[in-house]
Amino acid sequence: MAAVGGRLRRMAGSFHYKKWVLFYRYQQTFHNTSTPLFHIAVAMTFVGMFNESRRRNASLEAAAYRSRREKVMDSLNRGWMAEREQQSLDIDELEAAVYRSRTSTWPKDLMTTTSKDGEEMP
């Protein structure tokens with residue numbers, strides 16, 4: 001276990017040493033010139049292009065998800081509307097039923113039997 005830690009420490013140290021050597025050589029080569037600004041501009045351009053492509057892909061994925069969700073919600077709403085239409089009460093029929101129950105009158109199509117007195121009964 002200690003050997004692995006030692007190797008990792010050596011690798012990290014060598015990476016940082018090489019990083020500073022590269023930075024020192026770059027500074028020696030391009031000191032007091034505008035080349036570092038150009039290199040930074042090029043690097044920022046590539047970083048911006050990368051971020052833009054990722055943002056565009058994320059935006060397209062979000063738009064596709066919203067489109068699928070809208071289609072599903074429209075389908076659900078159509079189903080609910082059809083069910084609502086099937087189960088909706090006819091208000092005129094309901095009011096007529098309330099009137100008949102309050103006045104004890106029955107429509108002619110429900111008068112099927114006759115009582116002993118000769119009156120039709122439901």
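## Exposure criterion and overall fold

A residue counts as partly exposed when its relative accessible area lies between the 20% under which residues are buried and the 50% over which they are exposed. This criterion is applied below to a predicted model.

The chain contains three helices and two strands, arranged along the sequence in the pattern α-α-α-β-β. Of its 122 residues, 2% count as buried. The chain exposes about 11600 Å², and carbon and sulfur atoms supply 61% of that area.

## Confidence of the model

The mean pLDDT of the chain is 86, with 84% of the residues at 70 or more. Among the elements, helix α2 has the highest mean pLDDT, 94. Strand β2, residues 120-121, has the lowest, with a mean of 59. Where pLDDT is low, the predicted coordinates should not be read in detail.

Val 42 counts as partly exposed because its relative accessibility is 31%.

The model has two salt bridges, and Glu 52 takes part in a network of salt bridges with Arg 55 and Arg 56. Between Glu 52 and Arg 55, the closest N and O atoms are 2.6 Å apart. In the salt bridge of Glu 52 with Arg 56, the N to O distance is 3.3 Å.

The spacing along helix α2 accounts for the separation within each pair. Glu 52 and Arg 55 are three residues apart in this helix, so about one helical turn separates them. Glu 52 and Arg 56 are four residues apart in helix α2, and therefore also separated by about one helical turn. Glu 52 is partly exposed, at 29% relative accessibility; Arg 56 is likewise partly exposed, with a relative accessible area of 44%.

## Negative patch

A surface patch of negative charge is formed by Asp 90, Asp 92, Glu 93 and Glu 95. Asp 90 is located in the loop between α2 and α3, the latter helix comprising residues 91-103. Because its relative accessibility is 43%, Asp 90 counts as partly exposed.

Definitions and conventions: Residues are numbered from 1 along each chain as its sequence is written. This is a predicted model: local features need pLDDT of at least 70, side-chain atom pairs count only at pLDDT 80 or more; totals for chains, interfaces and linings use all residues. Side-chain values use heavy atoms; hydrogens and water are left out. Buried means under 20% relative accessible area, exposed over 50%, partly exposed in between (1.4 Å probe, protein chains only). Accessible areas come from the Shrake-Rupley method with a 1.4 Å probe; for residues, only the protein chains shown count as cover. pLDDT is the predictor's confidence in each residue, from 0 to 100. Patches are made of residues with over 30% relative accessible area and no salt bridge: like charges are joined within 9 Å, nonpolar side chains (Val, Leu, Ile, Met, Phe, Trp, Tyr) within 5 Å. A salt bridge is a side-chain nitrogen of Lys or Arg within 4 Å of a carboxyl oxygen of Asp or Glu. Lys and Arg count as positive and Asp and Glu as negative; His and the chain ends are not counted. The place of a charge is taken as NZ of Lys, CZ of Arg, CG of Asp or CD of Glu.
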